[in-house]
Amino acid sequence: PSGLSRGVHVTLLVIVLGMVASGIGMMILSGAGPAVFGAPGAVMPDFHEVLPRRPHGLGARLMIALLAVHAGAALYHHFVRRDETLKRMW
């Protein structure tokens, strides 16, 4: 793989790990555990004031953008360059 594709893959993995970490941080700092894990009568708290909310939202937007670029690059290789990249991915 090229340096660009390797960089995108590494960035996607870093974002996924960051999303997991910020999601766990939001759950712990907000006290959402009971609602997340199905305690009777538990309600989801307001995450607006929880500090990891911003990095979690940024990570989600970055992941969507990178996934779109990644899919676009795969389609470009398949339909424009016709270099059998998709076949090698399977």
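At a relative accessibility of 47%, Glu 84 counts as partly exposed, a class that lies between buried (under 20% relative accessible area) and exposed (over 50%), as computed with a 1.4 Å probe on protein chains only. The structure is a predicted model, in which local features need pLDDT of at least 70 and side-chain atom pairs count only at pLDDT 80 or more, whereas totals for chains, interfaces and linings use all residues. Residues are numbered from 1 along each chain as its sequence is written, and side-chain values use heavy atoms, with hydrogens and water left out.

Glu 84 lies in the loop between H3 and H4, where helices are DSSP runs of H or I with at least four residues, numbered from the N terminus. Although Glu 84 is not a glycine, its phi is positive, at about 60 degrees. Arg 82 is likewise found in the loop between H3 and helix H4 (85–89), and its phi, near 50 degrees, is a positive value in a residue other than glycine. Arg 82 has a relative accessible area of 65% and is therefore exposed.

The axes of helix H1 (residues 3–30) and H3 come within 9 Å and cross at roughly 150 degrees, the axes being lines fitted to C-alpha atoms over the stretch in contact and the angles running from 0 to 180 degrees between N-to-C directions. H1 and H3 are therefore roughly antiparallel to each other, a description that applies to angles over 145 degrees. The contact (heavy atoms within 4.5 Å) involves residues of H1 including Val 8, His 9, Leu 12 and Met 26, and residues of H3 including Arg 53, Met 63, Leu 66 and His 70.

Within the model, the largest nonpolar core consists of six residues, namely Val 8, Leu 12, Ile 15, Met 19, Met 63 and Leu 66; such a core is a set of buried Ala, Val, Leu, Ile, Met, Phe, Trp, Tyr and Cys residues joined through side-chain atoms within 4.5 Å. H1 gives the largest share of this core, four residues. When neighbours within four places in sequence are left aside, Leu 12 is in contact with Met 63, Leu 66 and Leu 67.

His 70 is placed in helix H3 (residues 53–81) and, at 26% relative accessibility, counts as partly exposed. Not counting residues up to four places away in sequence, His 70 touches Val 8 and His 9, while His 70 and Leu 13, 57 residues apart in sequence, are 13 Å apart in space, C-alpha to C-alpha.

Conventions:
Helix = DSSP H or I, 4+ residues; strand = E, 2+ residues; numbered from the N terminus. Parallel < 35°, antiparallel > 145°, perpendicular 65-115°, else oblique.
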